[in-house]
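Please find below a set of numbered notes on the model under review. Each point takes up one part of the fold or one group of residues.

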Amino acid sequence: MEIKIAPSILTADFVRLADEIKKIEKGGADWLHVDVMDGVFVPNLTFGAPVVKKLRGVTDLFFDCHLMVESPEKYVDDFKDAGADQVVVHVEATKHLHRCIEYIKSKGMKAGIALNPATPLSAAEEMLPYVDIILLMTVNPGFGGQSFIESVLPKITRLRKMLYDAGLDTDIEVDGGINEKTGKMVRKAGANVLVAGSYVYGVKDAKKAIKILRA
């Protein structure tokens, strides 16, 4: 499958956010990964739809909005209006996952589900035919700069097999601790969308970092 690189703005310089986005756009990024946190589902606060709406005026990149929030269905309309192309919600965060996914798609956006490291694939199995992407967290969500959890690698492989057996070519996205070494590991395991933060934004040559992740 085609490898896509989705730099996360969580570790970007917020004072120069527009410039940071232009840097990764020129560097060859495929998507912009937007980490939305509410301080409830995860122990941190970031930003919401109003910021995303402002960023939409800066770039034409595909906006991959990862909602780490309780009851994400409440915010679907806001992110649609803000210009999101894809909304990913956590299976742990909503009581009516199928309804939430179908609502996202009814708004003309792509829809995905995310699983924390300790959440089993069985929690997502019934939803596989309904989603465009499955995000497997390779750190516990809430903060950037965490170390990669290697025990998620077999989970990626099992998910890719589940999708293959079901005749689905759904994207598998990974988020957390992605760098040159772990990028190779997750690609080999079956992931094809790589979210990277500090590895891309923390270097002078973002183009080179993105090329390495894609190689």
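How many bridges join strand β6 to β7, and do the strands run parallel or antiparallel? Point 1 takes this up after a note on the basis of the values.

This is a predicted model, in which local features need pLDDT of at least 70 and side-chain atom pairs count only at pLDDT 80 or more, while totals for chains, interfaces and linings use all residues. Residues are numbered from 1 along each chain as its sequence is written, and side-chain values use heavy atoms, with hydrogens and water left out.

1. Strand β6 (residues 133-137) is joined to β7 by five bridges, and the two run parallel. Two strands are taken to pair if DSSP finds at least two bridges between them. Helices (H or I, at least four residues) and strands (E, at least two) are DSSP runs, numbered from the N terminus. Isoleucine 133 has aspartate 171 as its bridge partner in β7. Strand β8 (residues 193-196) is also parallel to β7, with three bridges joining them; there, valine 195 is the bridge partner of aspartate 175.

2. Strand β7 (residues 171-175) is mostly covered, with five of its five residues buried. Buried means under 20% relative accessible area, exposed over 50%, and partly exposed in between (1.4 Å probe, protein chains only). Both faces of β7 are covered: Ile172 and Val174 are buried on one side, and Asp171, Glu173 and Asp175 are buried on the other.

3. Helix α2 (residues 49-56) has Ala49, Val52 and Leu55 as its buried residues. These fall within an arc of 115 degrees seen down the axis, so they line one face of the helix; the arc is that of the directions from the helix axis to the C-beta atoms. Pro50, Lys53 and Lys54 are exposed on the face turned away from the buried side. The buried residues of α2 pack against α1 (17-26), β2 (31-37), β3 and α3, where contact means heavy atoms within 4.5 Å.

4. In helix α4 (residues 97-106), the residues Leu97, Cys100, Ile101 and Ile104 are buried. They lie on the same side of α4, because they cover an arc of only 95 degrees around the axis. Arg99 and Ser106 are exposed on the other side of α4. The packing partners of the buried residues of α4 are α3, β4 (86-90) and β5 (110-115). Glycine 108 follows α4 and has a positive phi, near 85 degrees.

5. Phenylalanine 79 belongs to helix α3 (residues 76-82) and is buried, with a relative accessible area of 3%. Not counting residues up to four places away in sequence, its contacts include Ala49 and Val52, as well as Cys65 and Met109. Phenylalanine 79 and cysteine 65 are 14 residues apart in sequence, with a C-alpha to C-alpha distance of 8.1 Å.

6. The structure holds zero disulfides, a disulfide being a pair of cysteine sulfur atoms within 2.5 Å. Cysteine 65 is buried at 0% relative accessibility, and cysteine 100 is buried at 2%.

7. The largest nonpolar core has 63 residues, and Ile9 and Ile156 have the most contacts inside it. A second, separate core of ten residues includes Trp31, Val88, Ile133 and Met137. A nonpolar core is a set of buried Ala, Val, Leu, Ile, Met, Phe, Trp, Tyr and Cys residues joined through side-chain atoms within 4.5 Å. Leaving aside neighbours within four places in sequence, isoleucine 9 is in contact with residues including Phe14, Leu32, Phe47 and Tyr201.

8. Threonine 182 lies in helix α6 (residues 180-189) and is buried at 7% relative accessibility. A polar atom of its side chain lies 2.8 Å from the backbone oxygen of glycine 177. The threonine 182 side chain also reaches the backbone nitrogen of asparagine 179 at 2.8 Å. A polar contact is a pair of N or O atoms within 3.5 Å; within protein, one must be able to donate a hydrogen and the other to accept it, and residues adjacent in sequence count only if both atoms are side-chain atoms.

9. Serine 71, in the loop between β3 (62-68) and α3, has a positive phi near 50 degrees. Most residues other than glycine have a negative phi. Serine 71 is partly exposed, at 21% relative accessibility.
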